[in-house]
Amino acid sequence: MTLALKEISKTYGTVEAVKKLNLTIQEGELLVLVGPSGCGKTTILRMLAGIVPPDGGRIFFQQQDMTRWPPENRPTVTVFQDYALFPHMNVYQNIAYGLKVRGMNKGAIQQKIEGFMKMMQIEDMKERNINALSGGQKQRVALARAMVVDPDILLFDEPLSSLDAKLRVEMREEIRQIQQKTGITAVYVTHDQEEALAIADRVAVMNQGVMEQIGSPEEIYYQPASAFVADFIGYGNFVPATLQEAMDETVTLSCLGQTFQQHSSWLNFSDQAVKVGNGNVTLFFRPESMVPDPEGIFSGKVLQKSFLGASTRYLVECNQETPLKMDTLSVLHQLEPGDPFQFSLTGAMVF
Amino acid sequence: MGGASLFALLVLVQFAALTAGAFTTVWGYDYSLSLRHFHKAGSQIASSLNNSLYFAIRVALIGPLLGITAAYFHQRSRGLWKSLMNFLALVPFAVPGTVMGISYVMAFHRPPIQLTGTAVVIIIICIVRELPISYNSAKAVLKQVASNLEEASRDLGATAWTTFTRIIIPILSPAYRAGMLHGFIHVMITIGAIIFLITPRYVTITFEIFRAVNSGRLGEGAAYAFTLILFTALGLTALTLLWSLPRLMKTLLARTHSLGKDDLP
């Protein structure tokens with residue numbers, strides 16, 4: 001265990017940004033804190049960096065209480081959202097800064113920096129002025145500047161949010177590669193759930209200062225602990241349903257105008273759900289769980305079609321409050337707006 | 001383009017007329033070259049110029065520090081203090097120089113703070129009048145970057161003091177430079193704010209121009225003005241050179257250093 005947050009809380013004025021939060025970060029893992037803006041994820045990062053003091057609780061680094069350590073004595077270094085590169089220094093001086101203030105001599109600094117500049121593919125822009133760099137290049141300099149001081153923990157504060165979409169994907173893959181190659185422990189904050197799933201060892205989903213769920217990307221996606229997580233991570237459909245009967249082997253449900261029986265493994269119950277018969281519940285299923293099927297018991301009508309390349313997203317009218325989202329592989333099914341069709345559900349969850 | 005050249009022409013005509021007035025016998029009647037206006041003004045040119053430079057250099061060097069400090073505290077303070085600070089720093093822009101001059105005479109002419117008639121009060125009023133320039137440029141810089149960069153520097157392992165000397169000061173130095181150059185020019189040419197605070201000992205060159213022209217000695221006034229323009233330009237050049245001296249030394253040193261290296265096999 002590298003980092004441990006115990007009962008951490010922080011209040012800004014009347015807003016409770018973080019509420020008695022517990023979190024441990026394992027050695028060498030990349031933990032992603034994800035959530036909507038204002039959920040407290042950036043506050044946690046700033047408390048780890050020592051920029052913001054917590055109001056209550058403690059932070060431990062390898063068993064030592066570092067709650068009150070000043071930022072310069074912490075084992076953490078941050079890659080900031082707007083990079084925070086020093087405008088009066090060139091690329092080389094920026095990267096050298098952390099080593100320089102640690103009192104390292106010039107020769108050793110130079111030797112050390114060469115390697116990192118090569119790794120980040122910026123070795124030919126040493127003398128370049130910061131203002132003459134593109135967003136992606138600034139990002140690389142910021143990353144090199146943070147990594148060159150050999151921190152125990154690297155903190156990322158939405159580092160890719162000011163890059164364009166394609167570069168964002170490239171950079172996140174690169175960050176993940178470098179993190180795995182160096183084995184450095186990292187905490188990564190983002191509001192982009194796709195980014196979170198793509199690079200994390202573990203994802204922590206936050207909402208209003210509380211940890212909703214923490215787990216591997218697959219766990220978070222397939223077994224969301226709450227309706228909030230299910231809705232925030234990926235896409236999904238919520239429909240009202242009535243649970244007629246829940247036996248050991250089978251469940252009987254009414255939804256989307258049909259009553260049907262399924263094997264009990266078809267239906268997952270979240271921790272929040274109360275497992276009783278004859279109850280009104282909310283049924284949740286992913287867009288890819290809806291499969292066009294001539295023998296399916298449900299019927300719908302295509303409202304809108306968005307061709308995304310490998311997959312196609314349909315909005316399906318099913319007499320619900322909002323149209324349902326359905327994803328299919330483009331090569332398997334092609335439907336046009338206005339087409340009526342039958343479909344089946346491969347599985348669902350109850351909240 | 002046409003407008004700009006017309007404007008440039010106007011300025012040039014002014015300078016030409018002034019120079020002609022200073023170096024001819026009688027402006028408008030006798031255009032033979034002569035130095036008589038300078039002779040007539042005599043040692044007063046030197047002493048008043050000396051006074052003007054004395055004030056201008058001090059204000060140029062000290063003034064920006066006050067403006068930058070004010071901006072730094074403005075950045076750090078919150079709520080009502082922040083607005084009050086901003087208001088106080090910008091008031092000198094809004095108040096006419098003469099009004100401020102009279103208020104200084106009234107405020108400082110008897111104890112506990114008795115400064116009327118001293119050089120100190122003139123320096124103070126000039127510094128305060130120059131405050132908004134360095135304050136505003138420092139404020140803009142601080143608002144954009146400084147708190148962010150301060151955090152980044154601490155985060156990378158620098159102490160608060162190292163952060164101050166290596167990040168904050170270099171980032172604010174353009175604001176200091178702007179305040180310094182503006183301050184120098186403004187004090188050299190100021191008259192309104194200090195006219196009631198000047199005593200015979202501290203007569204400035206602008207005051208001599210005023211006096212000469214007022215009593216109909218146009219040529220003498222032109223001689224003073226010519227001297228003033230010349231030395232303002234010289235002073236600006238000197239300050240700019242002084243400013244870039246450290247960097248110049250550094251590049252020169254680096255060059256000789258690398259030259260030495262190249263000699264090695």
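**Group meeting: sheets, cysteines and the A–B interface**

I'll start with a sheet in chain A: six strands, open, in the order 6-7-8-3-9-10, and the pairing is mixed. The edges are taken by strand 6, residues 76-79, and strand 10, residues 210-215; each has a single partner strand, so one side of each has no neighbour in the sheet. On average, and ignoring direction, neighbouring strands here are turned by 20° against each other. Please keep in mind throughout that this is a predicted model.

Inside that sheet, take strand 3, residues 30-34, and strand 9, residues 202-207, both of chain A. They pair in the parallel sense, over four bridges. If you want a residue pair to click on, A:Val34 is opposite A:Val205 of strand 9.

What lies across strand 6 and strand 7 of chain A? That is helix 4 of chain A, residues 135-147, and it runs at about 175° to strand 6. Strand 7 covers residues 153-157.

Next, another set of strands in chain A, around strand 17, residues 298-307. Strand 17 pairs with strand 18, residues 311-317, antiparallel, with six bridges. A:Phe307 has A:Thr312 of strand 18 as its bridge partner. The two strands form a hairpin with three residues between them, and A:Gly309 in the turn has a positive phi of about 100°. Strand 17 also pairs with strand 20, residues 340-345, again in the antiparallel sense, here over four bridges. On that side, A:Gly300 is bridged to A:Phe341.

As a reminder, strands of a sheet pair through backbone hydrogen bonds, either parallel or antiparallel.

Now the cysteines. How many disulfides does a search of the whole structure find? Zero, over all chains. Two cysteines to look at: A:Cys39 has a relative accessibility of 1%, so it counts as buried, the cut-off being under 20%. B:Cys126, with a relative accessible area of 4%, is buried by that cut-off too.

Last, the interface between chain A and chain B. On the A side 24 residues are in contact, with 18 residues of chain B. The two chains bury about 1,700 Å² between them, and 61% of that is on carbon and sulfur atoms. Which residues of chain A lose the most area to chain B? They are A:Glu72, A:His88 and A:Tyr97, which together give 32% of what that side buries.

There are two salt bridges between chain A and chain B. A:Glu72 comes up again here: it forms a salt bridge with B:Arg154, and the closest N and O atoms are 2.7 Å apart.

Note on methods
Residues are numbered from 1 along each chain as its sequence is written. Chains are lettered from A and ligands numbered from 1 in the order in which they are written. This is a predicted model: local features need pLDDT of at least 70, side-chain atom pairs count only at pLDDT 80 or more; totals for chains, interfaces and linings use all residues. Side-chain values use heavy atoms; hydrogens and water are left out. Two strands pair if DSSP finds at least two bridges between them. Axes are lines fitted to C-alpha atoms, for helices over the stretch in contact, and angles run from 0 to 180 degrees between N-to-C directions. Contact means heavy atoms within 4.5 Å. A disulfide is a pair of cysteine sulfur atoms within 2.5 Å. Buried means under 20% relative accessible area, exposed over 50%, partly exposed in between (1.4 Å probe, protein chains only). Buried area is the accessible area (1.4 Å probe) that two parts lose on being put together, summed over both. A salt bridge is a side-chain nitrogen of Lys or Arg within 4 Å of a carboxyl oxygen of Asp or Glu.
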